[in-house]
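This briefing goes through the domains, the nonpolar cores and the ligand surroundings of one model. Please keep the sequence and the structure in view while reading.

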Amino acid sequence: MIERPRGTRDFLPDEMEKRRAIEVRFREIAESYGYREIATPTFEHLELFTIKSGESIVEEIYAFKDKSGRDLALRPELTAPAMRLFINECSVMPRPLRFYYFGNCFRYERPQKGRYREFWQFGVELIGSERVEADAEVIILAYRMLKSLNINFDLQIGHVGILRSILENVDEEKSSKIMRLIDKKDYDGLASYMDEAKIPEDVQENVFQVSALHGGREVLNEAEGFTGRENLQYLNGLCDILDSTEIEYTINLGIARGLDYYTGMVFEIYAEGLGAQKQICGGGRYRLAHLFGGEDVPSTGFAIGFDRVSEICKISAERRKLVVIVNFPDTLKESLEIAEKLRSAGLRVVSDVMGRNVRRQLSHASDIGADYAIIVGKKEINEGAVGVKDLHTGIQKSVAINELTEYLT
Ligand code: ATP
Ligand code: MG
């Protein structure tokens with residue numbers, strides 16, 4: 001027997017229906033904000049992800065050489081591919097651009113509940129604005145998409161510029177390692193690393209104080225003195241917009257994000273009931289285009305962890321009624337005609353392909369959870385009718401063929 005590769009999953013119909021139902025909602029909401037879908041290749045040049053995605057993700061990349069020796073990688077995320085697409089194809093399009101995507105991503109991680117080697121992200125990128133309104137729009141969109149699933153979650157907003165201004169005089173490699181430890185909330189590791197890297201005492205103290213600032217927007221006052229006015233004014237402006245909506249959030253200046261390309265506002269959304277893998281969305285403001293040879297265009301985006309969201313949300317897909325046509329060798333032609341008519345009317349219709357007798361066709365119909373069985377017998381057909389059995393009540397009736405569609409829908 002051949003098993004699935006570690007960290008991958010198979011999805012059976014019940015689960016796929018649920019996933020599609022979530023996807024449909026996400027699409028509708030993204031489109032209602034004017035976002036349009038893009039798709040990029042499953043694999044890209046490895047370089048696209050090593051330029052600035054940050055070490056934490058680079059370690060997790062599924063990289064390989066193709067038969068011509070090119071260095072390629074399965075995409076670990078979709079922001080870098082979306083920006084590559086923007087530079088290659090859309091740099092002259094009217095701005096801002098609003099894109100959304102839904103696709104599988106691959107990371108070589110230790111598999112566990114909510115953490116897979118192949119997983120799906122639903123995300124958006126708003127390209128071309130550096131204003132706070134753009135950040136607010138993206139946050140509101142993420143919030144609305146998740147709210148539409150009736151799940152409980154916690155939205156936290158921060159700003160990487162604040163921690164970075166504390167680390168201003170620390171070299172880039174060290175400061176990015178420090179940001180990663182903060183992102184992982186590994187404060188013991190952070191303390192010993194900063195000692196080892198000979199980070200000055202006062203800088204260390206500031207790093208700890210700022211990453212602990214978490215609460216209502218008033219914590220922004222406590223951050224004064226750690227950073228320039230600009231970053232705090234920016235976040236205050238963002239809070240002003242969010243406070244004019246019903247969106248609930250907290251400020252958490254300890255959000256560092258694992259990806260290195262963020263430059264300003266960052267946010268994360270956590271759900272209840274997922275244990276350690278509770279982060280269901282991450283996003284923020286970034287600049288990437290110039291690293292790929294384009295102009296330095298400001299953007300904001302997020303990615304929702306689709307698998308984690310699907311695990312906690314309870315929505316069920318709306319299923320069309322399922323009808324089983326019970327056929328006989330001498331009525332096969334009429335059965336197939338009736339089946340087609342009902343399918344065109346929007347029902348799901350299956351007809352026996354196993355050569356079973358009536359009794360076994362009926363018992364199969366209840367086994368697969370059908371709503372109705374339509375018994376197409378020679379005698380009734382000659383009278384222009386069929387037998388209709390309601391499989392929930394067990395009641396059977398004779399229904400005229402020309403009234404059948406109406407009767408079932
Ligand atoms: P985590 O801290 O849980 O590893 P991350 O910071 O690496 O998450 P991002 O790169 O921001 O995650 O990706 C966006 C979202 O994708 C995450 O919030 C999470 O819900 C989801 N995600 C990330 N890695 C995985 C994975 N291996 N399996 C399932 N979902 C994932
Ligand atoms: Mg990760």
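Predicted model: local features only at pLDDT ≥ 70, side-chain atom pairs only at ≥ 80, totals over all residues.

**Ligand 1**
- Taken alone, ligand 1 exposes 580 Å², and the protein buries 89% of that area.
- There are 14 residues around ligand 1, and those that come nearest are Arg-107, Glu-109, Arg-115, Arg-257 and Gln-279.
- Side chains also take part: a polar side-chain atom of Arg-107 lies 2.9 Å from an oxygen atom of ligand 1, while a polar side-chain atom of Glu-109 lies 2.5 Å from a nitrogen atom of the ligand.

**Nonpolar cores**
- The largest nonpolar core has 107 residues, and the residues with the most contacts inside this core are Phe-26, Leu-146, Ile-157, Phe-267 and Phe-302.
- Helix α5, which covers residues 132-147, contributes 11 residues, the largest share of this core.
- Another core, of 16 residues, lies apart from the largest one and has among its members Ile-374, Ile-381, Val-386 and Val-388.
- When neighbours within four places in sequence are left aside, the contacts of Ile-157 include Ile-139, Leu-235, Leu-238, Leu-242, Tyr-249, Met-265 and Phe-267.

**Domains**
- The protein is divided into domain 1, residues 13-312, and domain 2, residues 322-408.
- The C-alpha centres of domain 1 and domain 2 lie 53 Å apart.

Note on methods. Residues numbered from 1 in each chain as written. Chains lettered and ligands numbered in written order. Heavy atoms only, no water. Core = buried A, V, L, I, M, F, W, Y, C linked by side-chain atoms within 4.5 Å. Buried < 20%, exposed > 50% of the residue type's maximum accessible area, 1.4 Å probe, protein only. Helix = DSSP H or I, 4+ residues; strand = E, 2+ residues; numbered from the N terminus. Contact = heavy atoms within 4.5 Å. Domains from an automatic or database assignment. Near = heavy atom within 4 Å. Polar contact = N/O pair within 3.5 Å; in protein donor to acceptor, adjacent residues only side chain to side chain. Areas by Shrake-Rupley, 256 points an atom, 1.4 Å probe, with all protein chains shown as cover.
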